[in-house]
Amino acid sequence: MASKSLPPSAASNPGSSSSAVPSSSKRPGSIPHDLAVEIREWYQFQTVLSNHEAAWRDRYSFLLSRGYKLRYRYEPGWSPSWLNLDIDPAYCDDAIDTVLPMVLDAKRLSDGATVCIKRIDPKEITDEVKIAKYLSSVELSRDPKNHCVTIWDHFKDPIIPKVEFIVMPPLRRYADPEFGAVGEVVDFVTQLIEGMEFMHKHLVAHGDLTTQNIMMDARPILPSGWHFVAHNCTLDGVTPVSPLARIDYPVRYIIIDFDCSVRLSPGQPHLITNFGGRDGDPPEYKSRDPYDPFKIDVFTLGNVFFKDFYKIYEGLDFLAGMIDIMKTPNFRQRPDAETAMKYWLNVRSHIDVGRARWRLQKRNETLGERVVYGAVAFAREGVHRMKHMLSGEVRSDSKACMTWSN
């Protein structure tokens, strides 16, 4: 689900056809020579598939029969196009490999949409697929508080029966691009606590509710789309993306990856052991005593708010109390998701909505950076207000930004 960070100039095409050289690469000067050299030096274009890539190639025909077409690189019999053409590999679609070994993009034949296919290799016994499908069921999908990733399709592997595949929408790292306004942080916190409360209501504890497993549906701020691998480029793999401000075009945040998750039965005691993901900070991990998996989620999400926002940006004082209660050392005294949401809604109701459009200032910004970023933010806000004036639309700050006072 995450994207590999290629240089913004990395030229690659999502590959809706088997053409080795995308049309965008044929445009003279589509990538300046010096940038092409930079890409070539930064990225080692592999002419032989790695072992995990070969596994995708071996399933090319099967996935095609399921309605999903992998990129040209993974067609059986593939030969690197740049070896036979007088062209830089940076221009070639088939020079781009995978994002992660278990994740690959494809085109859905029914509508040409880009999808994300994840290979679930059960080296460890988990209920990842069952839980993901349950949270993505038709009934639960109707709930607007459901922020869990949608599972579009699911099927078994034809070669290794224990391996499964799930098909999901392509998502983007939630902080790419970076947050720019206070109101965006308020919206993020609201959505994530809401999503956690939803999961817990249905007796699912995520177990790894950390930065890596929080994504976003970036279509509102990138309406023209983005390249699945070269995520700083549009779909043509050449043009740098120009994201809109999420304060004006709010995005939806999505929780992914349930390989550490557990689903309890109604009435089952909320005390277990050997549960949790990559965040090693919850104090209960240091004890051999059973602990509450739902309280682990509360702690780890509070850690996201602390590490990704409060430590980095100034002006987020309203998060301090919220973080403190979510990271209460004794899990028995730590609030559950429902209580955390009630606490947050009370905090949010006391935040002046006029702060919504305030620029986020990083704590480590130099004076020069603050002057420059402040001027850019001021100019952007001026353009925003002018657009609404010219359109004849009258909007108060509380309506134009966030309606958290409701």
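Analyst: A residue is called buried when its relative accessible area is under 20%, exposed when that area is over 50%, and partly exposed in between, using a 1.4 Å probe and protein chains only. The model is predicted, so local features need pLDDT of at least 70 and side-chain atom pairs count only at pLDDT 80 or more, whereas totals for chains, interfaces and linings use all residues. Residues are numbered from 1 along each chain as its sequence is written, and side-chain values use heavy atoms, with hydrogens and water left out.

The salt bridges come first. A salt bridge here is a side-chain nitrogen of Lys or Arg within 4 Å of a carboxyl oxygen of Asp or Glu. The structure holds 21 of them. Helices (H or I, at least four residues) and strands (E, at least two) are DSSP runs, numbered from the N terminus.

Arg66 is partly exposed because its relative accessible area is 37%, whereas Asp153, at 17%, counts as buried.

The side chains of Arg219 and Asp217 also meet in a salt bridge, at 2.6 Å from N to O. Arg219 is exposed at 57% relative accessibility, while Asp217 is buried at 18%.

Another salt bridge lies within a helix. Glu338 and Lys342 both belong to helix H9 (residues 337–349) and are 4 residues apart, about one turn of the helix. An α-helix has 3.6 residues a turn, so residues three or four places apart point the same way. The side chains of Glu338 and Lys342 meet at 3.7 Å, N to O. Glu338 is partly exposed at 42%, and Lys342 is exposed at 56%.

Salt bridges can also be linked to one another: Lys118, Glu128 and Asp257 are joined in a network of them.

The strands give some of these residues their setting. Two strands pair if DSSP finds at least two bridges between them. An open sheet of 5 strands runs in the order S1-S2-S3-S5-S4, with antiparallel pairing. Its edge strands are S1 and S4, each pairing on one side only. Strand S3 (residues 114–120) pairs with strand S5 (residues 164–168) in the antiparallel sense over 5 bridges. Cys116 has Met168 in S5 as its bridge partner.

Asp97 sits in the loop between strand S1 (68–69) and strand S2 (103–108). Asp97 counts as buried because its relative accessibility is 13%. Its C-alpha atom is 8.4 Å from that of Phe45, a residue 52 places away along the chain.

Helix H7 is mostly covered, with 15 of its 18 residues buried. The expected span of a helix is 1.5 Å times one less than its number of residues. H7 (residues 293–310) should therefore span 26 Å, and its end C-alpha atoms are 25 Å apart, which agrees.

Lastly, the cysteines. A disulfide is a pair of cysteine sulfur atoms within 2.5 Å, and a search of the whole structure finds 0 of them. Cys148 is buried at 7% relative accessibility, and Cys233 is buried at 0%.
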